[in-house]
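This report describes a protein model for a reader who has not seen it before. Please look at the sequence and the structure first.

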Amino acid sequence: MTAQIAIPCILMRGGTSKGPYFRADDLPSDKAERDRVLLAAMGSPDIRQIDGLGGADTLTSKVAIVSRSDREGVDVNYLFAQVSVDKAIVDTAPSCGNMLSGVGPFAIESGLVPLTEGTTKVVIYDINTESQIEAIVRTEDGQVVYDGDVAIDGVPGTAAPIRLNFMNIVGSKTGALLPTGKQVEQIDGIDVTLVDVAVPMMILRARDIGKTGYETAAELDADKAFFARIEAMRREAGLRMGLGDVANKVVPKVAILAEPRSGGTIAARYFVPHKTHAAFAVTGGLCVSSCVAIPGTVADGLARGALDAECIVVIEHPSGTFEVTLSLVRAGNSIEVLSGGVLRTARKLMAGHVFVPATPVPA
């Protein structure tokens with residue numbers, strides 16, 4: 001019989017994603033050993049993830065690792081890990097703003113941050129993007145409040161609001177808003193904008209690559225030739241953005257844009273990157289919104305509405321809409337993105353221990 005190790009965790013839905021939240025102290029400090037534990041915990045590599053907590057989907061094969069921070073003015077550090085479903089890969093290059101939604105509640109539940117009555121502010125340092133986020137969590141009667149009347153598209157029902165205010169998000173991986181210095185350039189004969197706000201992205205117009213931008217996630221996922229072309233372009237984008245060989249990485253992410261049809265600012269489809277997101281990523285929403293606000297990008301002529309210093313960008317996606325509040329400084333044709341805010345929800349699903357084999361199990 002193979003011995004098993006019990007590791008404390010809380011399984012949570014964060015935004016439109018789901019996964020286990022761990023205290024960093026409860027995981028191995030060695031990265032290789034930590035990754036082995038996370039793969040075993042999620043049941044990867046296996047397309048069904050039958051032997052772990054994963055839900056056989058990229059949106060439900062995510063992990064949040066949280067620790068008390070020694071940074072001035074910061075409460076906790078957050079490290080996001082994307083665990084591949086069918087490969088033995090744990091990627092900590094990108095962040096996940098949806099899983100970030102659960103970090104504040106988890107930090108309070110785990111005793112990392114003291115609770116204050118009414119609302120509790122949790123200042124989070126995102127290790128993946130080297131950025132700082134303020135999470136405002138509703139807390140009453142000595143506990144986190146999960147029930148509420150806020151609905152987010154892509155999640156059934158309603159829950160308590162969690163406000164996330166993102167700071168220092170420009171150049172998350174590349175150090176620049178536009179890593180190549182260009183608003184538009186061509187890859188494989190297609191106009192693209194390479195932009196880095198919260199996450200590096202390659203953004204293009206849907207019509208330029210034979211899509212409407214209004215397809216369902218299932219319709220897009222069924223087009224293997226489309227994904228093969230997008231992947232080749234994405235790898236070239238990674239090289240141009242200074243990210244190196246991104247074949248086994250999930251950044252840069254990709255989005256296609258179209259004119260809005262339901263009163264929003266822009267219609268978009270977001271890729272993660274080898275599958276269509278059922279809704280929209282928080283970091284992706286911040287990046288796409290910034291692309292919309294930058295003059296001369298591929299969003300020009302598609303987006304609707306004036307974008308002033310303080311503006312709201314509404315992204316239409318397969319499950320509804322996603323709203324981003326941007327704080328901008330404009331100077332002629334140049335723009336500075338100061339911060340971005342989103343409203344999310346989270347819910348604690350289960351608290352206990354996940355059991356992993358003490359020794360590796362052959363894949």
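How many Å separate the centres of domain 1 and domain 2, taken over C-alpha atoms? The separation is 25 Å. This is a predicted model, in which local features need pLDDT of at least 70 and side-chain atom pairs count only at pLDDT 80 or more, while totals for chains, interfaces and linings use all residues. Residues are numbered from 1 along each chain as its sequence is written, and side-chain values use heavy atoms, with hydrogens and water left out.

**Domains**

The protein is divided into domain 1 (4-167 + 345-357) and domain 2 (185-331); such bounds come from an automatic or database domain assignment. Domain 1 gives 16 residues to the contact and domain 2 gives 20 residues, where contact means heavy atoms within 4.5 Å.

**Pocket and cavity**

Both kinds of space are found on a 1 Å grid over the protein atoms alone: a cavity is a set of points where a 1.4 Å probe fits but cannot get out, and a pocket is an open set with protein on both sides within 12 Å along at least five of seven lines. Lining residues have an atom within 4 Å of a point. Grid points are joined across faces, edges and corners, and a volume is the space filled by probe spheres set on the points.

The largest pocket holds about 600 Å³ of space. Its lining has 22 residues, and those nearest the centre are T58, S84, D86, K87 and H274. Strand β4 (76-83) and helix α5 (224-240) are the elements that give two or more residues to this lining. Helices (H or I, at least four residues) and strands (E, at least two) are DSSP runs, numbered from the N terminus. The largest pocket lies between domain 1 (4-167 + 345-357) and domain 2 (185-331), because both give residues to its lining.

A search of the whole structure finds 1 cavity of 30 Å³ or more. The volume of the largest cavity is about 100 Å³. It is lined by 14 residues, of which K62, Q82, S95, K253 and V272 are the closest to its centre. Domain 1 (4-167 + 345-357) and domain 2 (185-331) each supply at least three residues of the cavity lining.

Buried means under 20% relative accessible area, exposed over 50%, and partly exposed in between (1.4 Å probe, protein chains only).

| Partner of β7 | Sense | Bridges |
|---|---|---|
| β6 (residues 118-126) | antiparallel | 9 bridges |
| β9 (residues 162-167) | antiparallel | 6 bridges |
| β8 (residues 143-144) | antiparallel | 2 bridges |

V122 stands opposite A135 in β7. E134 faces N165 in β9, and E140 is opposite Q143 in β8. The hairpin of β6 and β7 has 4 residues between the strands, and E130 there takes a positive phi near 55°. The hairpin of β7 and β8 has 2 residues between them, with D141 in the turn at a positive phi of about 55°.

T139, in strand β7, is buried because its relative accessible area is 0%. Leaving aside residues up to four places away in sequence, T139 touches I108, L115, T116, E117, G118, T119, T120, V144 and V145.

T283 has its place in helix α6 and counts as buried, at 6% relative accessibility. Not counting residues up to four places away in sequence, T283 touches S95, G97, V197, A198, V199 and Y270.

D300 is found in the loop between α6 (282-293) and β15 (310-317). Is D300 buried or partly exposed? At 42% relative accessibility, D300 counts as partly exposed. Not counting residues up to four places away in sequence, D300 touches I294 and P295. The C-alpha atoms of D300 and I190 are separated by 15 Å, and the two residues are 110 residues apart along the chain.

Methods
Pairing = 2+ DSSP bridges.
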